[in-house]
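Hello,

Here is the structure for you to look over. My notes follow below it.

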Amino acid sequence: MSLVLTTASVPDRDKVAYWNEAVSRTLVPMLVAPRGDGPFDGRIATRRLGYLQVSTVEADAERLSRTPALITPSCEALVALGVQVSGTATFVQDGRRAEVCAGDLVVYDTTRPYSFDCPRRFATHVFQLPRRALGVPDGDIRQVTGHVIGTGDGFGAMLLPFLATLASSADDYPPAVANRVAGNVVDLFATLIAEQVHPDGTDAHTTRSHLLLRIREHIDRNLGDPDLSPESIARTHRISVRYLHRLFEGEGVTVGRLVQQRRPEECGRELARRGRTAPTVSAVAQRWGFVSPAHFSRAFRATYGVSPREWRVLRTGQDRIGRSPAGPPTPTTTVAVRPTAGIAGPGESAGIGGPGE
């Protein structure tokens, strides 16, 4: 259902104040300064598709400014894509100025100041979504702000008619479909930014590889944290959970399964150490992020095919359970045990997973 705000029935003396409130309430807090002397006319219609907000703005000549004073820590970080339908605008962000004409696209970040100066009546579609959902590095977003993205060719040419149709039909989608459409729009926006920042695709691949390496290193460093999860990993690297899962699509393992594999591996390595000061099984489990002894035992057995205690005996050749410190070691036969492919038993969860897990 659309929310429509218009100055049509507002007294002339109150139109500017009303419009300023309408724009700030619907989009983000901004200052609006009309450029004409007569009564101001403006209309804004807003619809939601999941976490995607679609707004269509039609108004007389004006200047809209997102000033530093209006950007507070409590403001949600949003990325917006503007589609100029008619009229022109001068867009400024991050020290760059762009002349926007009908059919052009612009990307902007609401956490930094920007302005639109529209010298005559105009219409524009504005698509806003949380920056965390976009899953694009902040540096890439900063590179495309303040630039016009043409739609004469390339990916922009394909995106423009889709966005125009979406803006006019957003009310027609049931909630379940709307959420799926929002996810598809996120992927399209991310692709558009990647095309602008890395037109040959080479740098994009390098950036992805470096990010994956950092994430794997982060996982290895934090395996002992029971709260390690896709959400915490994505938050640390300032990407969305959706984008995190996309990064691992070509890795042969989901991010959740990687954590589930690495924890028993480290436990097995530590339990196989020889020495009189070897830690207890429960201490090893806690050190590597297992909070439930029962779950640790099941996960370990699913990985190695034996219990943690049996693994220690087999790998060290000593049974430390009930052995007198002064007594000789109990003779055992060392058996090579290889980890199995899976790590979680049927219906078992390690508290972290990817899509479909």
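Subject: helix packing and one buried threonine

In helix 4, Gly 154, Phe 155, Gly 156, Met 158, Leu 159, Phe 162, Leu 163 and Leu 166 meet Val 181, Val 185, Leu 188, Phe 189, Thr 191, Leu 192 and Glu 195 of helix 5. By class, the residues of this contact are 11 nonpolar, three polar and one charged. Please keep in mind that the model is predicted.

Helix 4 covers residues 154-169 and helix 5 covers residues 175-197; they pack at an angle of about 150 degrees, with axes 10 Å apart. Helix 4 is therefore roughly antiparallel to helix 5, since angles over 145 degrees count as such. The crossing of helix 4 past helix 5 is left-handed.

Helix 11 (residues 293-304) and helix 12 (residues 308-316) also pack: their axes cross at roughly 45 degrees and come within 9 Å. That makes helix 11 oblique to helix 12. Phe 296, Ser 297, Phe 300, Arg 301 and Tyr 304 of helix 11 make the contact with Pro 308, Glu 310 and Trp 311 of helix 12. Five residues of the contact between helix 11 and helix 12 are nonpolar, one is polar and two are charged.

The remaining item is Thr 56, in strand 4 (residues 52-59). Is Thr 56 buried or exposed? Its relative accessible area is 13%, so Thr 56 is buried, the cut-off being under 20%. The side chain of Thr 56 forms a polar contact of 2.9 Å with that of His 125. Beyond four places in sequence, the contacts of Thr 56 are Arg 43, Ile 44, Ala 45, Arg 47, Thr 124, His 125 and Ala 167.

Regards

Note on methods. Residues are numbered from 1 along each chain as its sequence is written. This is a predicted model: local features need pLDDT of at least 70, side-chain atom pairs count only at pLDDT 80 or more; totals for chains, interfaces and linings use all residues. Side-chain values use heavy atoms; hydrogens and water are left out. Axes are lines fitted to C-alpha atoms, for helices over the stretch in contact, and angles run from 0 to 180 degrees between N-to-C directions. Helices (H or I, at least four residues) and strands (E, at least two) are DSSP runs, numbered from the N terminus. Angles under 35 degrees count as roughly parallel, over 145 as roughly antiparallel, 65 to 115 as roughly perpendicular and the rest as oblique. A crossing is left-handed if the near helix is turned anticlockwise from the far one by less than a right angle, and right-handed if clockwise. Contact means heavy atoms within 4.5 Å. Ala, Val, Leu, Ile, Met, Phe, Trp, Tyr, Cys and Pro count as nonpolar, Asp, Glu, Lys and Arg as charged, and the others, Gly among them, as polar. Buried means under 20% relative accessible area, exposed over 50%, partly exposed in between (1.4 Å probe, protein chains only). A polar contact is a pair of N or O atoms within 3.5 Å; within protein, one must be able to donate a hydrogen and the other to accept it, and residues adjacent in sequence count only if both atoms are side-chain atoms.
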